[in-house]
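Let's take a friendly walk through the inside of this protein. Have the sequence and the structure at hand as you read.

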Amino acid sequence: MKKITLLAACLILLGAVGPAAAAEFEFHGDMNNRFLLYTNHHDWFAPEQQGEINDGEVNETYGELKYRFWFNASTNDGNVKGTYAVEIGGIRFGEDNVGGRFSGDGVNLETRWAYMDLQLPGVATEARFRMGLQPVTVNEFLWQENAAGVIYNGQPNDFLGYQLAWIRGADDLQRDLEPSIRDQDNWLLRLNFMPGEATQIGVFGLYQTGDVDPANNGTITPRGYLVKLFADEVDHQIYTIGVDGGTEAGAFFVNWNLMYQGGEFKNVLFDDSDFSGAPPAARNYDLQAYFGEVDLG
């Protein structure tokens with residue numbers, strides 16, 4: 001019954017938008033080729049170092065390509081928009097398995113974006129739903145990445161704008177009454193105030209939660225602390241509140257970012273044995289963190 005209700009609501013929403021008299025299509029691309037001509041410390045780029053810098057020489061020279069293409073389709077009034085983007089990324093010349101070697105055979109095409117952007121029908125002001133795999137920015141120092149979900153953006157006047165978002169980071173399809181792994185969800189509320197043409201102040205709150213089987217000991221390492229690296233393995237509840245913004249006066253500008261983060265991790269193994277040598281033990285952890293940043297120029 002829930003599925004039928006949701007389908008009916010979607011059909012009503014699409015019907016309320018109304019037929020379009022014309023459509024607009026755009027095609028964009030970014031074709032990036034880069035070359036590292038010489039380095040005697042290519043090992044610095046390795047993703048997992050043991051806290052050491054090699055005092056010898058690791059010589060390397062390489063070429064690399066990253067191509068991105070995206071396609072936009074829109075009704076002529078802009079009420080309905082759709083975006084699809086693909087990426088061929090980080091392929092070194094001659095690299096095996098991804099198409100860099102002879103004949104170019106490899107699996108390397110990725111979906112980067114796939115979302116729709118709909119103006120809420122019957123609303124005179126800016127009020128849009130964007131759903132699908134899309135760029136998500138909470139704060140440039142907190143979370144700025146592609147993710148799948150639904151974002152509602154509203155701007156009733158020139159002074160106030162607001163954003164509501166639900167983003168699903170990891171999904172476990174429930175098939176029994178007691179699932180071993182549950183979903184990881186992210187909820188965002190943001191208010192943007194514009195007291196002047198050159199000033200913007202943002203206030204936001206982000207709540208991130210993921211539940212797993214209480215008998216499962218998820219693992220976090222000093223290099224694997226990003227939520228996306230343990231979203232479906234560690235029982236966590238994290239909340240972040242912050243203020244950001246900026247202003248300009250002639251040639252002078254100032255930008256600011258202030259955040260507080262709290263929460264907890266349950267029954268988690270924090271494994272720093274690479275550094276401490278101590279074996280990890282499962283326990284609960286409380287999270288408390290502060291962040292502040294100011295740009296003056």
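What follows covers the nonpolar cores and then the pockets of this predicted model.

## Nonpolar cores

The largest nonpolar core has 11 residues, among them Val136, Trp143, Ile151, Ile167, Phe204 and Met259. Two or more residues each come from strand E5 (126-139), strand E6 (143-155), strand E7 (160-170) and strand E9 (199-212). E6 has the largest share, with 3 residues. Apart from this core lies another one of 7 residues, including Val227, Val234, Phe265 and Val268.

Beyond its neighbours within four places in sequence, Leu188 is in contact with Val138, Gln163, Leu164, Ala165, Phe204, Gly205 and Leu206.

## The largest pocket

Now for the open spaces. The largest pocket has a volume of about 920 Å³. It is lined by 35 residues, and Leu142, Tyr225, Leu226, Val227 and Gln261 are the closest to its centre. By class, this lining has 24 nonpolar, 8 polar and 3 charged residues. Among the elements that supply at least two lining residues are helix H2 (227-230), strand E11 (235-249), strand E12 (252-270) and strand E13 (282-296).

## The second largest pocket

The second largest pocket has a volume of about 510 Å³. Asn153, Gln163, Arg190, Asn192 and Gln200 are the closest to its centre, out of 28 lining residues. E5 gives the most to this lining, with 7 residues. Here the lining divides into 14 polar, 8 charged and 6 nonpolar residues.

Technical notes
Residues are numbered from 1 along each chain as its sequence is written. This is a predicted model: local features need pLDDT of at least 70, side-chain atom pairs count only at pLDDT 80 or more; totals for chains, interfaces and linings use all residues. Side-chain values use heavy atoms; hydrogens and water are left out. A nonpolar core is a set of buried Ala, Val, Leu, Ile, Met, Phe, Trp, Tyr and Cys residues joined through side-chain atoms within 4.5 Å. Buried means under 20% relative accessible area, exposed over 50%, partly exposed in between (1.4 Å probe, protein chains only). Helices (H or I, at least four residues) and strands (E, at least two) are DSSP runs, numbered from the N terminus. Contact means heavy atoms within 4.5 Å. On a 1 Å grid over the protein atoms alone, a cavity is a set of points where a 1.4 Å probe fits but cannot get out, and a pocket is an open set with protein on both sides within 12 Å along at least five of seven lines; lining residues have an atom within 4 Å of a point. Grid points are joined across faces, edges and corners, and a volume is the space filled by probe spheres set on the points. Ala, Val, Leu, Ile, Met, Phe, Trp, Tyr, Cys and Pro count as nonpolar, Asp, Glu, Lys and Arg as charged, and the others, Gly among them, as polar.
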